[in-house]
Amino acid sequence: MKYIGFILFTVMTNAAAQLMLKQGMMSLGDISFAGTNPVIKILQIVFSPWVFFGLCTFVISMASHLYVLSKVELSFAYPFLSLAYVAVAVFAYFVFREDLNGFRIAGIAAICVGTILIAQGGSGHAETSNQSNPKSVQSSELTQ
């Protein structure tokens, strides 16, 4: 539970990135590659302000996730990323006026319950010491 703050930071930056990308694509309007150089069009999309900041936020989220993975088990950390869907769905409802019907609310509840069960189901700490495996092979043993 020591790294929950970092995990939640990863989740929230992931969700923020999604919201920025959506805003960026809405501000660009319909995308068409007809009659344009696809490379130039992709560069225009990537360097539009909301998309660019969304991509930068994804990089921050990924760096945070890498840190988390160095500290806790993947089977503990990864399911928390589903909370990004919860955050995106709720914020999209309020910011973009997207639909949040009963099925989506039930799915959000299931995700929250599942994440709570995962958080309670184990320590989440990865073993990083060689003491857990007394038969670890030393490099000098490999050359013999």
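1. Helix α1 (residues 4-28) and helix α3 (residues 49-71) have axes that come within 8 Å and cross at roughly 165 degrees. That makes α1 roughly antiparallel to α3, a term applied to angles over 145 degrees. Axes are lines fitted to C-alpha atoms, for helices over the stretch in contact, with angles from 0 to 180 degrees between N-to-C directions. Helices are DSSP runs (H or I, at least four residues), numbered from the N terminus.

2. This is a predicted model, in which local features need pLDDT of at least 70 and side-chain atom pairs count only at pLDDT 80 or more, while totals for chains, interfaces and linings use all residues. Residues are numbered from 1 along each chain as its sequence is written, and side-chain values use heavy atoms, with hydrogens and water left out.

3. Leu21 belongs to helix α1. At 17% relative accessibility, Leu21 counts as buried (buried means under 20% relative accessible area, exposed over 50%, partly exposed in between; 1.4 Å probe, protein chains only). Between Leu21 and Thr57 there are 9.9 Å in space, C-alpha to C-alpha, and the two are 36 residues apart in sequence.

4. Helix α6 (residues 102-120) has 19 residues and reaches 27 Å from its first C-alpha to its last, close to the 27 Å expected at 1.5 Å a residue; the expected span is 1.5 Å times one less than the number of residues.

5. Which residues of α6 are buried? They are Ile108, Thr115 and Ala119. These cover an arc of only 35 degrees around the axis, which puts them on the same side of α6; the arc is that of the directions from the helix axis to the C-beta atoms. Gly102, Phe103, Leu117 and Gln120, on the other side of α6, are exposed.

Terms used:
Helices (H or I, at least four residues) and strands (E, at least two) are DSSP runs, numbered from the N terminus. Angles under 35 degrees count as roughly parallel, over 145 as roughly antiparallel, 65 to 115 as roughly perpendicular and the rest as oblique.
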